[in-house]
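This briefing concerns the sheet, the nonpolar cores and a helix pair of one structure. Please consult the sequence and the coordinates shown here alongside the text.

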Amino acid sequence: MSPRIPISTEVKSLEMTKSQSVMSRLLRLLPLLLGSMLIASCASGRIDPTDPVGDNAKQIDGIMRLSGYMAAAVGLFVAGAVITAIVKFRERPTDDPNELPKQIHGNRKAELTWTLIPVFMLVFLAIVTIPTVFDLSSKSDGRTIKVEGQQWWWQFSYDVDEDGVSDIVTANEIVIPVGEEINLDIRSNDVIHSFWIPQLNGKRDAVPGRVHSWRISSPVPGIFYGECTEFCGLSHANMQMRAVVLTDEDYDEWVREQLTPANIPAAAAAKSGYDLFGRHCVSCHVINGVYESAADGNANLTSGYAPNLTHLMTRTSFAGAIFELYEEDGSVNIADLKEWIRNAPGQKPSRPENRQGMISFAETLSDKELDDLVTYLMTLGGPPPLMPS
Ligand code: HEC
Ligand SMILES: [Cu+2]
């Protein structure tokens with residue numbers, strides 16, 4: 001056995017400065033670390049995965065907590081063992097520097113213990129998790145709503161028949177009655193998106209060419225916030241959605257309103273906006289009852305490319321739920337709505353030249369025309385039964 005080489009005092013002092021400089025370098029990184037934690041924590045206050053409300057979300061949260069506690073127990077045990085070893089087996093001044101402690105290489109009992117305990121823990125977690133995974137994607141006997149993701153907004157269709165025709169089509173806000181397990185058929189019209197309203201359930205991908213089942217429910221009325229969680233291009237961060245959970249009476253009332261088609265408005269400004277809509281907007285947007293087929297306006301009407309605006313004002317938000325449609329005092333957020341129509345790509349990054357998002361009308365429409373369009377849009381139903389608080 002070779003004797004230990006004594007460390008010279010010179011080397012020791014060198015090591016000291018080295019470890020000191022590592023420490024000071026780490027300390028310099030501290031503001032960066034704290035700063036990024038701060039930014040991460042205020043990213044989106046309304047989207048809260050730590051506060052489950054729906055049964056499905058609670059189920060997931062239970063497993064998250066269980067595995068978190070188990071990981072914490074393992075972490076504490078390992079840290080405790082390391083600290084014990086460091087303290088108990090440290091080199092003491094009286095020790096013979098050449099003497100090795102008792103070697104226990106190949107201790108079968110110890111190795112079996114630290115192999116089997118983690119195996120049991122993982123098997124236990126699998127037994128808890130796997131049935132939940134299947135359970136969450138099974139269908140309930142509640143109603144089914146078709147969910148379509150596209151760059152960069154969500155469409156929800158109710159009562160879809162065999163021909164794919166739906167009675168109610170809405171955008172970005174899925175309205176459901178309280179206490180009912182709602183089935184979702186999640187699809188994508190372009191790239192992969194992911195549907196996630198954390199207080200109601202976990203994430204479910206929207207994959208082109210596939211239909212993924214999912215469920216959401218809430219035992220209490222309210223507005224729950226979510227966002228697309230699969231990177232889907234330029235405005236991925238602006239592809240949010242809301243679940244609006246209503247009491248049975250409010251929900252029935254909402255359905256009745258959604259089934260009512262729009263009329264041609266009588267008042268002058270709104271009528272002018274209506275005419276402008278027929279000239280500039282119907283190539284993309286459908287309004288049931290007035291602009292719902294190619295014959296109503298533009299020959300290249302591409303229904304499904306843009307949100308159905310029939311009941312725009314019954315929503316609380318627009319454009320991927322990134323803008324509020326109403327002010328806190330309950331009045332319409334006219335400023336943002338007008339600015340959106342004037343120059344949508346300036347409000348939300350998009351690529352209309354590539355059929356991704358709404359075109360700009362900054363060069364096409366005058367200020368008066370924009371006002372008339374907003375006045376017309378304000379006749380399209382509303383106000384919503386529940387407002388964000
Ligand atoms: C080239 C197609 C196209 C034309 C033309 C068009 N839009 Fe849009 N519009 C869209 C798309 C796509 C969206 C969804 C954009 C998003 O959320 O990113 C949209 C969104 C909207 C919204 C928000 C709806 C919601 O619920 O989120 C309003 C309001 C709107 N458009 C009004 C108009 C008006 C008014 C006109 C005519 C002056 C018009 N649009 C012309 C494609 C178009
Ligand atoms: Cu997306």
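The largest nonpolar core has 36 residues, and W154, Y158, I174, L184 and F195 have the most contacts inside it. A nonpolar core is a set of buried Ala, Val, Leu, Ile, Met, Phe, Trp, Tyr and Cys residues joined through side-chain atoms within 4.5 Å; buried means under 20% relative accessible area, with a 1.4 Å probe and protein chains only. The model is predicted: local features need pLDDT of at least 70, side-chain atom pairs count only at pLDDT 80 or more, and totals for chains, interfaces and linings use all residues. Residues are numbered from 1 along each chain as its sequence is written, chains are lettered from A and ligands numbered from 1 in the order in which they are written, and side-chain values use heavy atoms, without hydrogens and water.

- Another core, of 31 residues, lies apart from it and includes F277, L309, L325 and M358.

**Sheet**
- An open sheet of five strands has the order β3-β2-β1-β5-β8, with mixed pairing; two strands pair if DSSP finds at least two bridges between them.
- β3 (168-171) and β8 (212-216) are at the edges with a single partner strand each, so one side of each lacks a neighbour in the sheet.
- On average, neighbouring strands of this sheet are turned by 25° against each other, direction ignored.
- Strand β1 (residues 144-150) is mostly covered, with six of its seven residues buried.
- β1 runs parallel to strand β5 (residues 182-188), joined by six bridges, and T144 has N183 in β5 as its bridge partner.
- β1 pairs with β2 in the antiparallel sense over six bridges; I145 stands opposite Y158 in β2, and a hairpin joins β1 to β2 through two residues.
- Strand β2 (residues 153-158) also pairs with β3, in the antiparallel sense over four bridges, and Q155 stands opposite A171 in β3.

**Helix pair**
- The axes of helix α2 (residues 55-88) and helix α3 (residues 108-136) come within 11 Å and cross at roughly 165°; axes are lines fitted to C-alpha atoms, for helices over the stretch in contact, and angles run from 0 to 180 degrees between N-to-C directions.
- α2 is therefore roughly antiparallel to α3, a term for angles over 145 degrees.
- Among the residues of α2 that meet α3 are I60, I63, L66 and M70, and the α3 residues include F124, L125 and V128; contact means heavy atoms within 4.5 Å.

Definitions and conventions: Buried means under 20% relative accessible area, exposed over 50%, partly exposed in between (1.4 Å probe, protein chains only). Angles under 35 degrees count as roughly parallel, over 145 as roughly antiparallel, 65 to 115 as roughly perpendicular and the rest as oblique.
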